[in-house]
Amino acid sequence: MKQQQHQKIEYIIEYGGLSSGEHEFEFDVDNQFMQQYSLESFENTMNINVHITLIKYNHSIQAKVKLTGNISVHCDKCLIPYLYPVHTENVLLIEKGNPESSTDEILMVEENDNKINFSQYIYETISLALPYKIVPCEVFENVKCDDEILGKINQNLSEKNKFSTFAELLKNKFKP
Ligand SMILES: [Zn+2]
């Protein structure tokens with residue numbers, strides 16, 4: 001359940017009362033969540049759906065976590081706005097222990113706490129989904145760098161006022 005306490009967004013599932021078997025959960029994650037970790041780059045729109053299938057066995061719990069959606073980014077090369085697709089799927093084992101010792105495959109929960117906090121996992125997964133350098137125009141077949149803008153960038157590189165010219169250009173280019 002999405003919990004908002006003191007503005008803090010967390011994604012927590014309480015499993016204490018759940019019966020054995022499969023249970024489905026859904027969360028919608030937006031950039032506000034990522035900003036809690038002071039990630040300025042997540043000022044742009046982000047829509048990620050988190051689908052969790054919790055499988056409760058007699059003595060253990062497994063979570064299948066699927067993230068799908070997109071993050072709005074700008075091409076690092078030509079600044080064209082682009083929705084970067086996110087799609088990850090992982091299986092996590094839930095074990096009792098120190099949450100800070102969690103790994104990619106094992107999510108630790110406090111001994112006497114019947115809650116699983118997926119926040120850190122979701123944050124890390126989304127952070128890793130984006131490459132260090134974002135050039136959708138080179139990665140995806142359906143996107144091409146904007147030649148006009150690339151031309152202007154090259155043309156203005158030596159000019160003192162490149163930033164103002166460039167800002168003006170972008171403003172006009174992407175007017176709704
Ligand atoms: Zn580009």
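## Layout of a predicted chain

The structure you have here is a predicted model. In total, the chain holds five helices and eight strands.

Of its 176 residues, 19% count as buried. As for contacts between residues at least 6 apart in sequence, 52% of them join residues at least 24 apart.

Now to the sheet. Five strands form an open sheet in the order S3-S4-S5-S6-S7, and their pairing is mixed. Strands S3 and S7 are the edge strands, each pairing on one side only. On average, neighbouring strands of this sheet are turned by 25° against each other, direction ignored. In general, strands of a sheet pair through backbone hydrogen bonds, in either a parallel or an antiparallel way.

Here are the strands of the sheet with their residue ranges:

| Strand | Residues |
|---|---|
| S3 | 21–29 |
| S4 | 46–56 |
| S5 | 61–74 |
| S6 | 81–96 |
| S7 | 106–109 |

The S6 and S7 pair is worth a visit in the viewer. These two strands run parallel and are joined by four bridges.

Which helix lies across S3, S4, S5, S6 and S7? That is helix H2, covering residues 119–129. Helix H2 runs at about 140° to S6.

Methods
Residues are numbered from 1 along each chain as its sequence is written. This is a predicted model: local features need pLDDT of at least 70, side-chain atom pairs count only at pLDDT 80 or more; totals for chains, interfaces and linings use all residues. A residue is buried if 20 or more other C-beta atoms lie within 10 Å of its own, exposed if 12 or fewer, and partly exposed in between; C-beta atoms are placed from the backbone. Two residues are in contact if their C-beta atoms, placed from the backbone, lie within 7 Å. Two strands pair if DSSP finds at least two bridges between them. Axes are lines fitted to C-alpha atoms, for helices over the stretch in contact, and angles run from 0 to 180 degrees between N-to-C directions.
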